[in-house]
Amino acid sequence: MPIDDALLDGEMNMEKATDHLQHELRGIRTGRATPALVENIKVDYYGSPTDLRSIASISVPESAQLLIKPFSPGDLKAIEKAINDSKIGLTPHSDGKQLRLMLPSLSQERRLQLVGQTKEMGERAKVTIRNARRDANKIIDTEQKGGIVTEDEAESGKEQVQELTKKYEAKVEELLEKKRHEILQV
């Protein structure tokens, strides 16, 4: 059944969009320190970009502090440079063996900027979801024109695609609202 294939493909793409949004939102800072803020920072590790979590342990000794201990002491400088080059706005403090990142408390203005950032990420996810809907509908139209499915089956398929779209857009809104609440919580 080609309509089932179009639906499955569309749902898979929509699921990928929401998963990607979830991954992006973990990197947005809230009032508390979390390893997700820095774990995906790319460090130049012997010529290849490597996630920070792959070459160092990241812990949260206090609610406003991150502690980064490289597995190899020689990587400390590369990690420090990668953090400084990233756009997280935190300056690492080194004691020669480990790095400490002190998270200053967020001002209301900065919190609102972060909420705006999450909205932009959500809109990108919604655009991806809508593109998946468009692609699934194109496949259904092509199948109908080719005589593989009837007009009623095509209409039913398009309604199912729209239901999926609504479901995943609601999921995006739910993720955004949850993150917005975390950011604005003092």
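Angles under 35 degrees count as roughly parallel, those over 145 as roughly antiparallel, those from 65 to 115 as roughly perpendicular, and the rest as oblique. The structure is a predicted model, in which local features need pLDDT of at least 70, side-chain atom pairs count only at pLDDT 80 or more, and totals for chains, interfaces and linings use all residues. Residues are numbered from 1 along each chain as its sequence is written, and side-chain values use heavy atoms, with hydrogens and water left out.

**View A. Packing of helix α1 against helix α4.** The axes of α1 (residues 2-26) and α4 (residues 108-145) cross at roughly 170° and come within 9 Å. The two helices, α1 and α4, are therefore roughly antiparallel to each other. Their contact comprises 14 nonpolar, six polar and four charged residues.

**View B. The largest nonpolar core.** A nonpolar core is a set of buried Ala, Val, Leu, Ile, Met, Phe, Trp, Tyr and Cys residues joined through side-chain atoms within 4.5 Å; buried means under 20% relative accessible area, exposed over 50%, and partly exposed in between (1.4 Å probe, protein chains only). Among the 26 residues of this core, Met-14, Leu-21, Leu-25, Ile-129, Ile-140 and Val-172 touch the most other members. Helices α1, α4 and α5 (151-184) are the elements that give two or more residues to the core.

View C. Val-60 lies in strand β3 (residues 56-62) and is partly exposed, with a relative accessible area of 34%. Its C-alpha atom is separated by 24 Å from that of Asp-44, 16 residues apart along the chain.

Methods. Axes fitted to C-alpha atoms, helices over the stretch in contact; angles between N-to-C directions. Helix = DSSP H or I, 4+ residues; strand = E, 2+ residues; numbered from the N terminus. Nonpolar A, V, L, I, M, F, W, Y, C, P; charged D, E, K, R; others polar.
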